[in-house]
There are 4 protein chains.
Amino acid sequence: MPEALNETDLERALARLPEWRLEDGALRRDLRFADFVGAFAFLTRVALLAERLGHHPEITNVYREVTLRLRTHDAGGRVSQRDVDFAAAVDETLAGG
Amino acid sequence: MPEALNETDLERALARLPEWRLEDGALRRDLRFADFVGAFAFLTRVALLAERLGHHPEITNVYREVTLRLRTHDAGGRVSQRDVDFAAAVDETLAGG
Amino acid sequence: MPEALNETDLERALARLPEWRLEDGALRRDLRFADFVGAFAFLTRVALLAERLGHHPEITNVYREVTLRLRTHDAGGRVSQRDVDFAAAVDETLAGG
Amino acid sequence: MPEALNETDLERALARLPEWRLEDGALRRDLRFADFVGAFAFLTRVALLAERLGHHPEITNVYREVTLRLRTHDAGGRVSQRDVDFAAAVDETLAGG
């Protein structure tokens with residue numbers, strides 16, 4: 001059962017995820033792409049990652065803008081290590097190509 | 001330039017789109033699928049439809065739940081005939097294949 | 001390390017997968033959809049399944065036609081239990097919706 | 001009705017598409033990505049492009065390898081200007097991000 005991170009561990013995790021911030025108990029990252037095609041190709045990467053990791057983000061998309069929110073249902077809707085790992089995997093996907 | 005529908009035309013359109021409702025000036029439909037794979041396969045259909053029609057919805061996805069919101073930026077963020085056509089195409093996609 | 005199925009196990013597996021046939025040492029299924037959107041939405045399901053199962057098919061797509069071929073590289077390019085499981089998961093995805 | 005390009009126009013087009021070659025009457029490009037996720041995200045871009053342009057490639061995918069083949073059914077299965085435009089759009093998608 002995944003547990004919510006305590007405040008110290010959460011601060012440490014956020015220090016390594018400069019593109020993410022804490023909002024309403026979840027990790028949030030906003031992204032803007034060149035166009036809708038770029039945005040949806042990114043969402044496809046996120047979806048494939050989600051199935052591999054067995055963990056799913058909240059997704060919002062309006063044309064070329066995407067917002068991801070990460071929280072763990074089984075940890076009371078708060079941030080667990082699974083969210084931190086997912087955020088790091090998203091960042092790696094964007095860096096890598 | 002697409003125009004916002006007047007109240008009469010909007011009511012007529014909504015009568016033919018029973019799964020959609022008006023909320024904050026946009027057409028909204030909520031959908032639930034068997035799992036994330038079903039939800040994301042549907043979003044892929046919506047994305048392909050959007051590129052074909054040159055009109056893009058606002059998308060929210062949390063695991064197997066999807067919300068679509070339709071409004072027309074060039075019509076002051078209100079509902080135009082393009083949104084009504086898009087909603088009908090989404091309904092057809094779900095019915096058909 | 002996955003092993004190639006022996007002839008008896010392969011025949012038993014094929015008996016439970018009537019839509020698949022053996023061709024050049026691989027499991028093959030041909031599918032036809034209503035249009036390209038249907039075909040690509042199906043491929044998205046297959047891709048998500050592949051990441052979840054850690055096993056990837058050979059994909060061919062021409063407009064509304066899709067061919068999947070399954071073989072296991074680590075089993076000498078022949079059919080292993082992983083291919084049989086993947087084929088069953090594809091069939092289930094098509095049945096389920 | 002799209003027409004097959006004559007030999008001169010085809011040579012000129014190929015000179016501007018160095019990643020593509022002519023094979024069995026079709027334009028062909030082979031691509032290799034970092035992994036399956038990269039390959040399928042690219043295919044999603046291609047699919048969205050195809051719906052926008054109303055023209056669809058032949059797609060082959062094995063793990064991180066993708067082959068695209070372009071030909072025009074209405075031009076006798078040979079290369080028309082639509083294929084040249086599609087090839088250029090694919091190249092632009094890869095360059096752009």
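## Tour: a helix crossing, then the chain interfaces

Begin in chain D, where H2(D) passes H3(D) in a right-handed crossing. Keep in mind that this is a predicted model.

**Stop 1: the helix pair in chain D.** Select residues 36-53 of chain D for helix H2 and residues 81-96 of chain D for helix H3. The two axes lie 11 Å apart, and the packing angle is about 140°. An angle over 145 degrees would count as roughly antiparallel. The angle here therefore makes H2(D) oblique to H3(D).

Now show side chains. On the H2(D) side, pick Arg45(D), Val46(D), Leu49(D) and Leu53(D). They meet Phe86(D), Ala89(D), Val90(D) and Thr93(D) of H3(D). Colour this contact by residue class: six residues are nonpolar, one is polar and one is charged.

**Stop 2: chain A against chain B.** Hide chain D and bring up the next pair. Here eleven residues of chain A are in contact with eleven residues of chain B. On the chain A side, two elements give two or more residues each: helix H2 (36-53) and strand E3 (58-62). Which of them gives the largest share? Select E3(A): five residues of the chain A side come from this strand. By class, the chain A side holds seven nonpolar residues, three polar and one charged.

**Stop 3: the strand pair.** To check one end of the pairing, click Glu58(A); its bridge partner in E3(B) is Val62(B).

**Stop 4: the axis.** Zoom out to chains A and B. Superpose chain A on chain B: a turn of 180° with a shift of 0.0 Å along the axis does it, at an RMSD of 0.0 Å. That is the relation of a two-fold axis. To locate the axis from chain A, select Thr60(A). Its C-alpha is the nearest one in chain A, 2.3 Å from the axis. What surface do the copies use to meet? Of the interface residues of chain A, 100% are also interface residues in chain B, so the copies meet through the same surface.

**Stop 5: chain C against chain B.** Twelve of its residues are in contact with eleven residues of chain B. Select helix H2 (residues 36-53) of chain C: with eight residues, this helix gives the largest share of the chain C side. Colour that side by class to finish: seven nonpolar residues, four polar and one charged.

How values were computed: Residues are numbered from 1 along each chain as its sequence is written. Chains are lettered from A and ligands numbered from 1 in the order in which they are written. This is a predicted model: local features need pLDDT of at least 70, side-chain atom pairs count only at pLDDT 80 or more; totals for chains, interfaces and linings use all residues. Two residues are in contact if their C-beta atoms, placed from the backbone, lie within 7 Å. Helices (H or I, at least four residues) and strands (E, at least two) are DSSP runs, numbered from the N terminus. Ala, Val, Leu, Ile, Met, Phe, Trp, Tyr, Cys and Pro count as nonpolar, Asp, Glu, Lys and Arg as charged, and the others, Gly among them, as polar. Copies are superposed by least squares on the C-alpha atoms of residues with pLDDT of at least 70 in both. Axes are lines fitted to C-alpha atoms, for helices over the stretch in contact, and angles run from 0 to 180 degrees between N-to-C directions. Angles under 35 degrees count as roughly parallel, over 145 as roughly antiparallel, 65 to 115 as roughly perpendicular and the rest as oblique. A crossing is left-handed if the near helix is turned anticlockwise from the far one by less than a right angle, and right-handed if clockwise. Two strands pair if DSSP finds at least two bridges between them.
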